[in-house]
Amino acid sequence: MSNRKERGSGFAAVVLALAVFGLAAGVLGAAGWRHATPYADYSPTEPNGRLGVRTIYYGFMYFPGPPWLPALLIFPAVGATMLAVVGALVGLSGWRLVRRGGAGRWPVFAVFAFCGLVYGAIVALVGGIHPPKLGEPFSLDRAPTGDPTTASLPWHIDLGPTWLAFPTIGLAMGLIIAMVLSGTGIRLVRRGAPVAVG
């Protein structure tokens with residue numbers, strides 16, 4: 001393989017690797033936005049009772065849980081596009097992702113950890129500015145019977161402050177992917193760096 005082809009394939013590899021990372025981070029971000037971001041407040045008219053994030057009032061029952069779409073499309077698309085652009089900038093600055101072993105493992109960790117941290121922070125920011133909204137109330141055919149707290153609710157987890165939890169998860173995800181790449185001998189090296197032999 002010529003040096004030009006090697007440089008070209010290394011450039012495409014770093015763009016593709018970060019785009020795939022962004023896609024995976026986007027799917028995780030959509031799940032986090034839906035299941036771990038605090039819901040936006042909802043105040044129905046003439047409330048009869050409020051129980052956590054689910055409101056029950058006369059004649060209506062309100063179930064939380066924002067729809068998967070369009071979040072499941074937007075988050076991965078934005079993640080893949082954003083990190084592909086980062087990959088292109090890394091490639092244009094002279095770095096290449098190559099399978100050669102030897103030195104050069106720390107730049108992989110630095111780039112993927114940074115991208116995961118930043119994308120996690122962006123998801124946390126989106127969750128703060130545009131938190132998932134609960135669904136619309138709907139009329140019941142009959143009055144609720146039994147304990148209303150046993151009504152089925154979408155799964156939701158409190159990760160604490162999302163501005164801290166989401167970047168931490170993104171950082172961990174980036175480090176895990178970097179460990180996998182590094183363990184298979186993939187390195188991020190500067191153009192013109194000596195090629196390891198053996």
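## Overall fold

Helices (H or I, at least four residues) and strands (E, at least two) are DSSP runs, numbered from the N terminus. On that basis the protein chain has 4 helices and 6 strands, and their order along the sequence is α-β-β-β-α-β-α-β-α-β. The model is predicted, so local features need pLDDT of at least 70 and side-chain atom pairs count only at pLDDT 80 or more, while totals for chains, interfaces and linings use all residues. Residues are numbered from 1 along each chain as its sequence is written, and side-chain values use heavy atoms, with hydrogens and water left out.

The protein chain has 198 residues, of which 39% count as buried. Buried means under 20% relative accessible area, exposed over 50%, and partly exposed in between, with a 1.4 Å probe and protein chains only.

## Packing of α3 and α4

Two packed helices are described by the angle between their axes and the distance between the axes. For α3 and α4, the angle is about 155° and the axes are 7 Å apart. Axes here are lines fitted to C-alpha atoms, for helices over the stretch in contact, and angles run from 0 to 180 degrees between N-to-C directions. α3 and α4 are therefore roughly antiparallel to each other, since angles over 145 degrees count as roughly antiparallel (under 35 as roughly parallel, 65 to 115 as roughly perpendicular and the rest as oblique).

By class, the contact of α3 with α4 has 17 nonpolar, 6 polar and no charged residues. Ala, Val, Leu, Ile, Met, Phe, Trp, Tyr, Cys and Pro count as nonpolar, Asp, Glu, Lys and Arg as charged, and the others, Gly among them, as polar.

Phe114 is placed in helix α3 and counts as exposed, at 54% relative accessibility. Its C-alpha atom is separated by 8.8 Å from that of Gly170, 56 residues apart along the chain. Ala110 also lies in helix α3, but counts as partly exposed at 47% relative accessibility. Ala110 and Leu175 are 65 residues apart in sequence, with 8.5 Å between their C-alpha atoms.

Met179 is found in helix α4, which spans residues 162-183. Met179 is exposed, with a relative accessible area of 53%. From Met179 to Phe109 the C-alpha distance is 7.4 Å, across 70 residues of sequence.

Rolling a probe the size of a water molecule over the atoms shows where empty space is left. A pocket, on a 1 Å grid over the protein atoms alone, is an open set of points with protein on both sides within 12 Å along at least five of seven lines, where a 1.4 Å probe fits; lining residues have an atom within 4 Å of a point. The largest pocket holds about 260 Å³ of space, a volume being the space filled by probe spheres set on the grid points, which are joined across faces, edges and corners. Its lining has 19 residues, and Leu28, Gly29, Gly32, Phe166 and Ile169 lie nearest the centre. The elements that give two or more residues to this lining are α1 (3-35), α3 (106-129) and α4. α1 gives the most, with 7 residues. By class, the lining has 13 nonpolar, 6 polar and no charged residues.

Ala31 lies in helix α1 and counts as partly exposed, at 25% relative accessibility. Ala31 and Leu72 are 41 residues apart in sequence and 7.9 Å apart in space, C-alpha to C-alpha.
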